[in-house]
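Please read the points below beside the model.

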Amino acid sequence: MSRLDAQLLAAHEVDDRPALVRLYQDAAQMSNDENAAGFYLTHAYIFALELGHADTPALHAKLRAMGRES
């Protein structure tokens, strides 16, 4: 298990949503697969929406640029 995977699991375990926004963004940036990056960004976006997080508009823009919004 990678360090990032362990951090994601730990953040989920304690419901640390601000950390989940950051960690899912990190996972997307580290991914070499566009589908995986879209998956991670979608998760980051959902948690950001729930929090009213400052990164919400940027995440939405990235997802739109990837064609992930219908």
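The notes that follow go through the helix pairs in chain order and then turn to individual residues.

1. Basis. This is a predicted model, in which local features need pLDDT of at least 70 and side-chain atom pairs count only at pLDDT 80 or more, while totals for chains, interfaces and linings use all residues. Residues are numbered from 1 along each chain as its sequence is written, and side-chain values use heavy atoms, with hydrogens and water left out.

2. Helix α1 against helix α2. The axes of α1 and α2 come within 10 Å and cross at roughly 155°. Axes here are lines fitted to C-alpha atoms, for helices over the stretch in contact, and angles run from 0 to 180 degrees between N-to-C directions. Helices are DSSP runs (H or I, at least four residues), numbered from the N terminus. The two helices α1 and α2 are therefore roughly antiparallel; that label applies to angles over 145 degrees, with under 35 as roughly parallel, 65 to 115 as roughly perpendicular and the rest as oblique. α1 passes α2 in a left-handed crossing, meaning that the near helix is turned anticlockwise from the far one by less than a right angle.

3. Residues between α1 and α2. On the α1 side, the contact is made by Leu-4, Gln-7, Leu-8, Ala-11 and His-12; on the α2 side, by Ala-19, Leu-20, Leu-23, Tyr-24, Asp-26, Ala-27 and Met-30. Contact means heavy atoms within 4.5 Å. By class, the residues of the contact of α1 with α2 are 9 nonpolar, 2 polar and 1 charged. For the classes, Ala, Val, Leu, Ile, Met, Phe, Trp, Tyr, Cys and Pro count as nonpolar, Asp, Glu, Lys and Arg as charged, and the others, Gly among them, as polar.

4. Ala-11. This residue sits in helix α1. Ala-11 counts as buried, at 5% relative accessibility; buried means under 20% relative accessible area, exposed over 50%, and partly exposed in between (1.4 Å probe, protein chains only). Apart from neighbours within four places in sequence, Ala-11 is in contact with Asp-16, Ala-19, Leu-20 and Leu-23. Between the C-alpha atoms of Ala-11 and Leu-23, 12 residues apart along the chain, the separation is 8.7 Å.

5. Asp-15. The loop between α1 (3-13) and α2 holds Asp-15. Its phi is near 55°, a positive value in a residue other than glycine. Asp-15 is partly exposed, at 44% relative accessibility.

6. Helix α2 against helix α3. Helix α2 (residues 17-30) and helix α3 (residues 34-51) have axes that come within 8 Å and cross at roughly 160°. α2 and α3 are therefore roughly antiparallel to each other, and their crossing is left-handed. In α2, Arg-17, Pro-18, Leu-20, Val-21, Tyr-24, Gln-25, Ala-27 and Ala-28 meet Ala-37, Tyr-40, Leu-41, His-43, Ala-44, Phe-47, Ala-48, Glu-50 and Leu-51 in α3. This contact of α2 with α3 has 13 nonpolar, 2 polar and 2 charged residues.

7. Asp-33. The loop between α2 and α3 contains Asp-33, which is partly exposed at 41% relative accessibility.

8. Aromatic side chains. How many aromatic pairs does the structure hold? There are 3 aromatic pairs, where rings of Phe, Tyr and Trp (its six-membered ring) pair if their centres lie within 6.5 Å, and planes under 30 degrees apart count as stacked, over 60 as edge-to-face and the rest as tilted. One of the pairs is Phe-39 with Tyr-40, edge-to-face at 5.6 Å centre to centre and 70° between the planes. Phe-39 is partly exposed, at a relative accessible area of 45%, and Tyr-40 is partly exposed at 24%. Tyr-24, Phe-39, Tyr-40 and Phe-47 form one aromatic cluster.

9. Helix α3 against helix α4. α3 and helix α4 (residues 56-65) pack at an angle of about 150°, with their axes 9 Å apart. That makes α3 roughly antiparallel to α4, and α3 passes α4 in a left-handed crossing.
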